[in-house]
Amino acid sequence: QAKESGKRTWCVFSSELADRAEARRSVEMDLHRAVENSELQLYFQPQVSTKTGEIVGCETLIRWNHPTRGLIGPGSFIQHAEDSGIITRLGNWALREALSQARRLPKHMHIAVNISPLQIHSASLVSTIINALATNGIDPGRLELEITESVLMTDTEFTLDRLNQLKQIGLKISLDDFGTGFSSLSYLRRFPFDRLKIDKSFVEDIDHDEDSRAITKATLTLAKALNMKCTAEGVETECQKQFLTDIGCDELQGYLISRPQPLEKLKHLINLAPEPESMPQNEATIVG
Ligand code: C2E
Ligand code: MG
Ligand code: MG
Ligand code: MG
């Protein structure tokens with residue numbers, strides 16, 4: 001009896017695991033094909049200075065033009081890519097692609113690229129960045145890597161060394177989605193952040209919630225006290241823009257300014273250089 005029920009339990013468990021493993025394998029294969037077949041695309045979202053009202057940079061956001069499912073946002077595949085390890089390859093592609101397209105941006109603009117936890121550990125991260133900067137003639141000071149608090153929670157010593165190594169090349173490091181993770185304030189003291197990004201969940205509530213205004217303002221004060229720049233993400237209304245400008249937030253990003261778009265579609269907002277005749281190939285086949 002005991003043996004039988006034990007067996008049954010095991011069977012249910014095992015088939016669930018098998019299903020999940022199967023699902024993961026299929027997404028993984030799908031993603032490998034996506035990288036090989038250039039199904040991935042970078043969208044760019046402008047970031048505006050509150051002081052001048054001018055676009056001072058762009059964040060790159062990955063999209064997947066899936067042959068049957070259509071355009072897919074990162075929310076539904078980045079975690080799979082992270083779990084299966086293919087994020088390293090995908091992330092290296094994104095870095096090379098971002099810096100290749102960045103040649104069309106005015107030289108004063110920065111380029112922000114999102115980096116996932118596993119990428120920080122990848123042995124190829126630093127060389128990929130150095131090579132892509134050199135190939136495309138981009139000043140390292142223009143590249144900002146956006147990481148989330150989840151990156152800081154594991155293998156802290158290693159991560160600290162890696163971030164310092166990246167800073168030595170001259171890159172900037174931003175803390176993304178600030179306030180949504182574990183937010184231990186000691187991270188702010190230990191890690192070399194240049195910028196703090198106020199998460200859109202706080203920005204979203206600015207118009208109608210006193211507490212969100214207070215948290216946003218306190219976050220900005222903290223950033224300033226620690227010599228960091230501050231960017232608000234998810235700015236959608238004039239009212240949010242006004243509040244963020246009044247309290248001295250440095251940069252704004254959100255649908256109010258522009259949705260993320262393929263770079264070419266931002267030409268009415270940004271003075272883009274023409275597409276270079278011979279873009280050095282961003283070889284999808286280079287193993288990351
Ligand atoms: P994130 O880095 O915090 O990016 C901001 C997200 O907010 C983007 O979602 C952007 O499209 C969205 N957004 C921008 N303005 C507004 C607005 O006004 N209102 C609202 N409601 N949303 C706005 P997206 O593109 O779906 O990306 C989601 C997340 O996926 C990103 O969050 C980032 O963590 C991750 N991600 C995107 N691209 C990459 C990549 O190349 N590599 C890695 N590792 N992660 C990426
Ligand atoms: Mg980001
Ligand atoms: Mg964010
Ligand atoms: Mg996010």
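**Metals, helices and a lysine**

Q: Before we go on, what am I looking at?
A: A predicted model, where local features need pLDDT of at least 70, side-chain atom pairs count only at pLDDT 80 or more, and totals for chains, interfaces and linings use all residues; side-chain values use heavy atoms, with hydrogens and water left out. Residues are numbered from 1 along each chain as its sequence is written, while chains are lettered from A and ligands numbered from 1 in the order in which they are written.

Q: Is Glu 233 buried or exposed?
A: Buried, with a relative accessible area of 8%. Asp 177 is partly exposed at 23%. Buried means under 20% relative accessible area, exposed over 50%, and partly exposed in between (1.4 Å probe, protein chains only).

Q: And what about the magnesium ion (ligand 2), which donors does that have?
A: Glu 59 (OE), Asn 114 (OD1), Glu 146 (OE) and Asp 176 (OD), at 2.0 to 2.3 Å. Along the chain these donors follow E-x54-N-x31-E-x29-D. Glu 59 sits in strand S2 (residues 55-66) and Asp 176 in strand S6, so this pair ties together parts 117 residues apart in sequence.

Q: Which residue bridges the magnesium ion (ligand 2) and the magnesium ion (ligand 3)?
A: Asp 176, and the two ions lie 4.1 Å apart. Asp 176 is buried, with a relative accessible area of 5%; Glu 59 also counts as buried, at 4%.

Q: Switching to Lys 197. Where does Lys 197 sit?
A: In strand S7, and Lys 197 is buried with a relative accessible area of 0%.

Q: What does the side chain of Lys 197 make polar contacts with?
A: The side chain of Glu 59 at 2.9 Å and the side chain of Glu 146 at 2.7 Å. Both glutamates are donors of the magnesium ion (ligand 2). A polar contact is a pair of N or O atoms within 3.5 Å; within protein, one must be able to donate a hydrogen and the other to accept it, and residues adjacent in sequence count only if both atoms are side-chain atoms.

Q: Who else is in contact with Lys 197?
A: Leaving aside neighbours within four places in sequence, the list includes Gln 47, Leu 175, Asp 176, Asp 177, Thr 231 and Glu 233. Contact means heavy atoms within 4.5 Å.

Q: Which residues come nearest to ligand 1?
A: Of the 22 around ligand 1, Arg 63, Asn 114, Asp 176, Glu 236 and Tyr 255 come nearest; a residue is near if one of its heavy atoms lies within 4 Å. A nitrogen of ligand 1 is 2.5 Å from an N or O atom in the side chain of Glu 236, and an oxygen of ligand 1 is 3.4 Å from one in the side chain of Glu 233. A nitrogen of ligand 1 is also 3.1 Å from a polar backbone atom of Ile 62.

Q: Now helices. Which residues in H10 are buried?
A: Ser 212, Thr 216, Thr 219, Leu 220 and Ala 223. Down the axis of H10 they fall within an arc of 100°, so they line one face of the helix; the arc is that of the directions from the helix axis to the C-beta atoms. The face turned away carries the exposed residues Glu 210, Asp 211, Thr 221 and Ala 225.

Q: What covers the buried residues of H10?
A: Among them are strands S6, S7 (195-198) and S8, plus helices H9 (200-203) and H11 (238-246).

Q: And H7, which residues there are buried?
A: Thr 159, Leu 160, Arg 162, Leu 163 and Leu 166. Their arc is 165°, so they line one face of H7. Asp 161 and Gln 168 are exposed on the face turned away, and just after H7, Gly 170 takes a positive phi of about 110°.

How values were computed:
Helices (H or I, at least four residues) and strands (E, at least two) are DSSP runs, numbered from the N terminus. Donors are N, O and S atoms within 2.8 Å of the metal (3.2 Å for Na, K and Ca); water is not among the atoms, so sites may look incomplete.
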